[in-house]
Amino acid sequence: VIAVICIFSGYSQLEVGFSSFSRKFAHVSPEVIAWAFAANTFLIATCQLWFTKRVEKIDARKALGAATLFWVLAWLTLALSGLVPSLAIAMVIFCQVVFGIGEMIWSPVMPTIINNLAPENLRGRYNALGANAWQIAGIGGPVVAGTLIGANLQWFWISGLVLTLAIAAKLAIGMDIPSSK
C-alpha cells in the first residue's frame, strides 16, 4: 500500500503533473523542463552509488520515510515555482534535484523492505506485487494529474501529493519490518 501511494504521488506525477504544472502555472519553457530532467538524471547517475552506501547504514523505515519527505519537499518547491515568478526557473530545476535525492534513497530501500516482509516461499509473489505498484500508479497518476491540472485545480493536486506523501512517510516510519533474511 505504501509503495502504491508513494509511486502514485511521486514518480507517476513526473510524467504529466510536473511538466504540466511547470508550463501552465510556473510559465517556464520546455527547455527549462528539459534542464530540470537533465539535472535529476545527472544527479542520480553521479551520486546513486554514494547514496546507496549511506542508505544501507540507516534503518529501512527511516530511509523510506526520508525518501517520501524529500518528495514532499520537491512538490512544495514546485508549488513555490507557481507562486513566485522570479524563482520559477530555479524552483522547477530544484524540484527535480530534490526529487532525485528521494529517488536515490527509495531505490535501494523499497526492494529490500519487500523482500524482508516476504516469507521465503512467497518472495516471488511479493516482488510481483511490488512491481504491480508501478503499473497501478503509472496508470492512475497521469490521469489524476491531467484531470486536476487541466481543470485548473493545481493547488488541490499539489496539496494532495504533499498530504498523501506525508501520510506515507508516517506509515513507513511506523512499519514493523523484519531484519534481512
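Guide: Before we look at any residue, note that a residue is called buried when its relative accessible area is under 20%, exposed when over 50%, and partly exposed in between, using a 1.4 Å probe and protein chains only. The model is predicted, so local features need pLDDT of at least 70 and side-chain atom pairs count only at pLDDT 80 or more, while totals for chains, interfaces and linings use all residues. Residues are numbered from 1 along each chain as its sequence is written, and side-chain values use heavy atoms, with hydrogens and water left out.

Visitor: Is glutamine 96 buried or exposed?

Guide: Glutamine 96 counts as buried because its relative accessibility is 0%. It lies in helix α5, where a helix is a DSSP run of H or I with at least four residues, a strand is a run of E with at least two, and both are numbered from the N terminus.

Visitor: Which residues is glutamine 96 in contact with, leaving aside its neighbours within four places in sequence?

Guide: Contact means heavy atoms within 4.5 Å, and with those neighbours set aside glutamine 96 touches Leu14, Phe18, Ala36, Phe37 and Asn40. Counted in the same way, phenylalanine 18 has contacts that include Gln96, Trp75, Cys95 and Trp157.

Visitor: Which residues touch the most other members of the largest nonpolar core?

Guide: A nonpolar core is a set of buried Ala, Val, Leu, Ile, Met, Phe, Trp, Tyr and Cys residues joined through side-chain atoms within 4.5 Å. The largest one here has 53 residues, and those touching the most other members are Phe18, Leu64, Trp75, Leu78, Val92, Trp106 and Trp157. At least two core residues come from each of α1, α2, α3, α4, α5, α6 and α7, with the largest share, 13 residues, supplied by α5.

Visitor: How many aromatic pairs are there?

Guide: Rings of Phe, Tyr and Trp (its six-membered ring) pair if their centres lie within 6.5 Å, and planes under 30 degrees apart count as stacked, over 60 as edge-to-face and the rest as tilted. The count comes to 13 aromatic pairs. Tryptophan 75 and tryptophan 157 form an edge-to-face pair because their ring centres are 5.7 Å apart and their planes stand at 65 degrees. This pair links helix α4 with helix α7, across 82 residues of the chain.
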